[in-house]
Amino acid sequence: MRLRYLLILAVSLLFAAPAEAQFNKLLKKASEQADAVLKGKNPLSEEEIGRGLKEALNQGVSKAVTSLAAENGYYGSPYKILLPEEAQKVITKVSVLPGLGNVEQDLTERINRAAELAASKAGPIFVDAIKGLTIRDAMNLLLGEQDAATRYLESNTALPLAGEFQPVIKEALDEVNATDIWKKAVIAYNKLPFVKKTDPELDRYVTERALEGMFGLVEVKESELRQNPALRNTDLLRKVFARQDKE
């Protein structure tokens, strides 16, 4: 009798083991899902990630453009545009001539004013460029380096943006009389004996430096958004960057 009981018990346990294992597996899965809900770890759709990254880039670009387009946005910031090396040679020679004593300060201020004017007019170009970001790109950028989105934007838009930006810069340089001042300095320089004639393209140089500053500030804004949850001011941004925080 005792042997029969032991056999029945053994068979019962044998058949019960898989059921118990399956139950434990389901229980663990349910627990993990509940934990994910409580901690906001629900998986994001690719569409949400794409929209979140575009929203973040739009915010960064908007803040960068607004900041740099303001008075002293370039001139009074770490992104201040200094004169090119060729111009420094010209300035050094001509600053001792009558009427050209303050040419360096004057010209530096004016090229930065030109960049500020251009920034206010060229902002929509950056915003339109963000629309080209694909969903697949967005996933890679979300989990990439701290400046991944900025570098993507820069590598895919720098050349076309420069093409759109430079005419605005040229117009702005003319508007603030920087071109006339530069030409006056170059003419005076080229009349000096024993100097190599020069005439660097001021509009192209200012365009390059202006875009460099713009992307630099966008990078700062991206890094802040990645590192500081308090700056994520929409539900979508909080959800998308919470995914990054887990990685």
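At what angle do helix α2 and helix α5 pack, and how far apart are their axes? In this predicted model, helix α2 (residues 46-69) and helix α5 (residues 135-142) pack at an angle of about 70 degrees, and their axes are 8 Å apart. Axes here are lines fitted to C-alpha atoms, for helices over the stretch in contact, and angles run from 0 to 180 degrees between N-to-C directions. The angle makes α2 roughly perpendicular to α5; angles of 65 to 115 degrees count as roughly perpendicular, those under 35 as roughly parallel, those over 145 as roughly antiparallel, and the rest as oblique. On the α2 side, Glu46, Glu47, Ile49, Gly50 and Leu53 meet Ile135, Ala138, Met139, Leu141 and Leu142 of α5, where contact means heavy atoms within 4.5 Å. By class, this contact of α2 with α5 has seven nonpolar, one polar and two charged residues. Ala, Val, Leu, Ile, Met, Phe, Trp, Tyr, Cys and Pro count as nonpolar, Asp, Glu, Lys and Arg as charged, and the others, Gly among them, as polar.

Residues are numbered from 1 along each chain as its sequence is written, and side-chain values use heavy atoms, with hydrogens and water left out. Because the model is predicted, local features need pLDDT of at least 70 and side-chain atom pairs count only at pLDDT 80 or more, while totals for chains, interfaces and linings use all residues.

The chain as a whole has nine helices and zero strands, so from the N terminus on its elements run α-α-α-α-α-α-α-α-α, with helices (H or I, at least four residues) and strands (E, at least two) taken as DSSP runs and numbered from the N terminus. Of its 247 residues, 37% count as buried, that is, under 20% relative accessible area, against over 50% for exposed and in between for partly exposed (1.4 Å probe, protein chains only). Among contacts with a separation of 6 or more, residues 24 or more positions apart account for 82%.

How far can each part be trusted? The predictor's confidence in each residue is given as pLDDT, from 0 to 100. Its mean over the chain is 74, and 71% of the residues reach 70 or more. Confidence is lowest in helix α1 (residues 2-38), at a mean of 43, and highest in helix α8 (residues 202-227), at 88. Over residues 1-18 pLDDT stays under 50, and the model has zero contacts beyond four places in sequence for them. Residues 22-40 also stay under 50, with three such contacts.Turning to charged side chains, the structure holds 12 salt bridges, each a side-chain nitrogen of Lys or Arg within 4 Å of a carboxyl oxygen of Asp or Glu. In helix α8, glutamate 222 and arginine 226 are four residues apart, which separates them by about one helical turn, and their side chains meet in a salt bridge (3.0 Å, N to O). Glutamate 222 is buried, with a relative accessible area of 9%, and arginine 226 is buried as well, at 3%. Glutamate 224 and lysine 221, three residues apart in helix α8 and again separated by about one helical turn, meet in a salt bridge at 4.0 Å, N to O. Here glutamate 224 is partly exposed, at 35%, and lysine 221 counts as partly exposed at 24%.

In helix α9 (residues 235-246), arginine 238 and aspartate 235 are three residues apart, or about one helical turn. Their salt bridge has its closest N and O atoms 2.7 Å apart. Aspartate 235 is exposed, at 54% relative accessibility, whereas arginine 238 is partly exposed, at 39%. Elsewhere, salt bridges that share partners join Asp147, Arg151, Glu154 and Glu219 into one network.

Two single residues complete the picture. Leucine 153 is found in helix α6 (residues 148-175) and is buried, at 3% relative accessibility. Not counting residues up to four places away in sequence, leucine 153 touches Leu57, Val61, Ala129, Ile130, Ala158 and Phe215. One of these, alanine 129, is 24 residues away in sequence and 7.6 Å away in space, C-alpha to C-alpha.

Asparagine 72 sits in the loop between α2 and α3 (85-94) and counts as partly exposed, at 34% relative accessibility. Although not a glycine, asparagine 72 has a positive phi of about 70 degrees. Most residues other than glycine have a negative phi.
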